Amino acid sequence: MDGRIHVAEFDRTRGAIVHTGHCCGVLRMGVERTLKQLRRTLYGLRAFVPGWRRRHKLEAMVGPLGFWDKLQSYQLRAAIGLGLSPGSSLLDLGCGPLQGGIAFIRYLEAGHYTGVDHNPEAIQIGQEEISRLALREKKPRLFVSRSFGDEELGPSCFDFIWISQVLYYFDEPTMHRLSEMVRRRLAPDGVMVGDILGPESDRSFLRPPLPPVHTAESLDLIASEHGLRVAKLGTLADWGYPRRVGLRNNILLRVHHLK
Ligand SMILES: C[S@@+](CC[C@H](N)C(=O)[O-])C[C@H]1O[C@@H](n2cnc3c(N)ncnc32)[C@H](O)[C@@H]1O
């Protein structure tokens, strides 16, 4: 023993000891967590301020509060960095209330954006945002779907499938269903890009039952059964994700057809 006080921290959401160390380190983590909660409470007050109510509602649907603009520009910049161009056809899976979607619709040629979410409220709010921001002329398509759009999309195929902050909720059978749909709907030279939790990612927002842990390797095994290949692209922070957000350590993945 080195004479310093050692302590352990228990995470109730994970039912496990998440950190052991010297008293100062654990105290610092406790302070950081308290500051985060305080920040969340302060941001929550915006729900009562007329000019901020709508923005608060949008942010509360995707989280974390206070990062809407930064996360929106991260999504567009990362997708462009990975090959999205104005002429690409894009499928935004789990599009939510269009945090990334609005930036994609502005950037893409008319008729090139499709958003799908299984939550009807997210799609309703997305439709309202499109009207409010006068983006109807860009002819975006939005669908509520429980099949990743497969039952609603007719014969559509896509150059780019974007699945931001969604993949880690899926269990293995869902990953197989998704891969099967991607095999049929991803253009021959198209890419799907999405993120999973990394070893260092913040997991405090997850609620039981906790989803299984995925890695690039475990997803590659699933994808290969459907003629697809998964490759790691680094962390979200490497692609411009805000450094103050806990999911910056998520791993970005690129999926393409096995040649
Ligand atoms: C954290 S939000 C991310 C929203 C958006 N992709 C973004 O990054 O701004 C996750 C979204 O995925 C949607 N979602 C989760 N599982 C889904 C599924 N199986 N099919 C379609 N949408 C799903 C949720 O309804 C929610 O809108």
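Author: The largest nonpolar core has 33 residues, where a nonpolar core is a set of buried Ala, Val, Leu, Ile, Met, Phe, Trp, Tyr and Cys residues joined through side-chain atoms within 4.5 Å. Buried here means under 20% relative accessible area, with a 1.4 Å probe and protein chains only. The residues with the most contacts inside this core are Leu84, Leu90, Leu98, Phe104, Tyr113, Phe160 and Trp162. Helix 3 (68–81), helix 4 (99–107), helix 5 (120–132), strand 6 (158–163) and strand 7 each supply at least two of its residues; helices (H or I, at least four residues) and strands (E, at least two) are DSSP runs, numbered from the N terminus. Helix 3 gives the most to this core, namely five residues.

The model is predicted: local features need pLDDT of at least 70, side-chain atom pairs count only at pLDDT 80 or more, and totals for chains, interfaces and linings use all residues. Residues are numbered from 1 along each chain as its sequence is written, and side-chain values use heavy atoms, with hydrogens and water left out.

Leu98 touches Trp68, Gln72, Ile105, Tyr113, Gly126, Ile130 and Leu142, not counting residues up to four places away in sequence; contact means heavy atoms within 4.5 Å. A second, separate core of 28 residues includes Leu93, Phe170, Val182 and Ile196.

Helix 4 is largely enclosed by the rest of the structure, because seven of its nine residues are buried. These are Gln99, Gly100, Gly101, Ile102, Ala103, Phe104 and Ile105. They pack against helix 2 (53–62), helix 3, strand 3 (90–93), strand 4 (113–117), helix 5 and strand 6.

Gln99 also takes part in the ligand site: an N or O atom in its side chain is 3.0 Å from an oxygen atom of the ligand. A backbone N or O atom of Gly94 lies 2.7 Å from a ligand nitrogen atom. Taken alone the ligand exposes 600 Å², and the protein buries 87% of that; accessible areas come from the Shrake-Rupley method with a 1.4 Å probe, and for residues only the protein chains shown count as cover.

Elsewhere, His214 is found in the loop between strand 7 (186–196) and helix 7 (216–224). His214 counts as buried because its relative accessibility is 9%. A polar atom of the His214 side chain lies 2.6 Å from the backbone oxygen of Phe170. Leaving aside neighbours within four places in sequence, His214 is in contact with Leu167, Tyr168, Phe170, Met175, Ile196, Leu197 and Leu219.

Key: A polar contact is a pair of N or O atoms within 3.5 Å; within protein, one must be able to donate a hydrogen and the other to accept it, and residues adjacent in sequence count only if both atoms are side-chain atoms. Buried means under 20% relative accessible area, exposed over 50%, partly exposed in between (1.4 Å probe, protein chains only).
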